[in-house]
Amino acid sequence: MVKAVVGANWGDEGKGKITDTLAKEADIIVRFQGGANAGHTIVNDYGKFALHTLPSGVFYNHTTSIIGNGVALNIPLLFKEVQDIVSKGVPEPKILVSDRAQIVMPYHILFDQYEEERLGKNSFGSTKSGIAPFYSDKYAKIGFQVSELFDEDLLKKKVARVCETKNVLLEHLYHKPAIDQEELLATLHEYRDMVKPFVCDVSLYLHNALKEGKEILLEGQLGTLKDPDHGIYPMVTSSSTLAAYGAIGAGVPPYEIKKVITVCKAYSSAVGAGAFVSEIFGEEADELRRRGGDGGEFGATTGRPRRMGWFDCVASKYGCRLQGATDVAFTVLDVLGYLDEIPVCTAYEIDGKQTTEFPTTVLLEKAKPVIEKLPGWKCEIRGIKKYEELPENCRKYIEFVEEKIGYPITMVSNGPGREDIIYRNK
Ligand code: GDP
């Protein structure tokens, strides 16, 4: 069976923690899109980790961790991450890399920086990991597939061809140093030698695993609202963040994805630019940011303070719908225990009219939040294992949200650790 773990919102919903928890019962965990531009924070018996490329299941002995063809693969960063976790006592993980994955090139990272510099105050708030230039090249058909590293003749010719166009842009648009072909080729040889032991025909591997009845988890990065088609375009990421894309980015048939576990955080946070209707500011935001997540809401990759907001029922209902949520994992609920009253955004007002349907970006820019307030529970809920043992107001908050979004909350996460999870039979 294949299960996808994906985000309903802007990312940072706690997918890493949910994947790490569910990976206990899984055989294989696959990253199917995105790159090292965002991170998952995981807290377990080995310590606290920020993963960027490795799937969140790498901490178990019994799992195989796969980098699918849909990922933007930064080869040196992947191996740095492996070294990092092994140096902290995690057993050497079993890793496979798709022969169809494409490679983040050193110049993708440079182009990302140069373009953000050029745009100045109109920049997209990119993490400058090369993701947008990477996916642009992939679809412009000038990307480098892992398999191509192993054909020297092809590689040489392609490097020459790609450098020709890139160097025109570097010289005339960005006024930066040109790419040295020999140097680039030498770097690609290093990448080839690093990745060689792990390269695999992943879709075939997964096909066989499914025949053997193996349990596969697909781990998404970011969330619905950062999807290039269904998100807040153009303030989105460059690869699809939807469970449906998991079939493509891993190479499994779409009908094999039986469960779509959609992660929603009990309040909102976002990074980068773009409309964020339920956003809060000042001391109210600072307090939530300080208390949020596990040690504050700051980017796992960049350390940037995240923008904060109250739970947004409109965005989350939409986020769950586009993911095709079979289950909602409602996370970081413990953080809200300090509030007397918990504001929730239940609708948007656009041009004087109320709606609970998430609009396109043009209209979203005009939306104002309609806020309802629920009573807080004013206590610590970490450590509680049974749904019925949660304080009444806490259950009411969960049930209120569930009713508004229209998808079943079957998991409640009440702390950053693997064991901090309450299953709810629906
Ligand atoms: P991801 O990108 O969706 O995996 O999310 P991140 O890892 O960037 O952000 C989630 C943050 O919340 C991390 O610091 C987690 O350790 C933390 N976290 C996850 N679930 C919970 C929870 O239920 N309670 C608390 N307090 N923190 C949590």
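How many residues line the largest pocket, and which of them lie nearest its centre? The legends below take this up, starting with how to read the views. This is a predicted model, where local features need pLDDT of at least 70, side-chain atom pairs count only at pLDDT 80 or more, and totals for chains, interfaces and linings use all residues. Residues are numbered from 1 along each chain as its sequence is written, and side-chain values use heavy atoms, with hydrogens and water left out.

**View 1. The largest pocket is lined by 41 residues.** Nearest its centre lie D112, S126, A132, V236 and S238. A pocket, on a 1 Å grid over the protein atoms alone, is an open set of points with protein on both sides within 12 Å along at least five of seven lines, while a cavity is a set of points where a 1.4 Å probe fits but cannot get out; lining residues have an atom within 4 Å of a point. The largest pocket holds about 880 Å³ of space; here grid points are joined across faces, edges and corners, and a volume is the space filled by probe spheres set on the points. Helices α3 (106-119), α4 (131-139) and α5 (152-174) each give at least two residues to this lining, and α4 gives the most, with five. Helices (H or I, at least four residues) and strands (E, at least two) are DSSP runs, numbered from the N terminus.

**View 2. The ligand takes up the space of the second largest pocket.** A molecule counts as sitting in a pocket if more than half of its atoms lie within 2 Å of the pocket's grid points. This pocket has a volume of about 530 Å³. Among its 33 lining residues, G14, T41, G293, D294 and R306 are the closest to its centre. Strand β3 gives the most to this lining, with four residues.

**View 3. Around the ligand there are 21 residues.** G16, H40, T41, D334 and S413 come nearest; a residue is near a molecule if one of its heavy atoms lies within 4 Å of it. By class, this shell has four nonpolar, nine polar and eight charged residues. Ala, Val, Leu, Ile, Met, Phe, Trp, Tyr, Cys and Pro count as nonpolar, Asp, Glu, Lys and Arg as charged, and the others, Gly among them, as polar.

View 4. The protein covers 98% of the 580 Å² of accessible area that the ligand has on its own (areas come from the Shrake-Rupley method with a 1.4 Å probe).

**View 5. The structure holds one cavity of 30 Å³ or more.** The residues lining the largest cavity include W10, K226, F276 and R307. Its lining divides into seven nonpolar, two polar and two charged residues.

**View 6. Two backbone details to find: a cis peptide bond and a positive phi.** Most residues other than glycine have a negative phi, and most peptide bonds are trans. The bond from Y233 to P234 is cis, with omega near 5 degrees, and P234 lies in the loop between β10 and α8 (243-250). H175 is not a glycine, yet its phi is positive, about 55 degrees. H175 lies in the loop between α5 and α6 (181-195).
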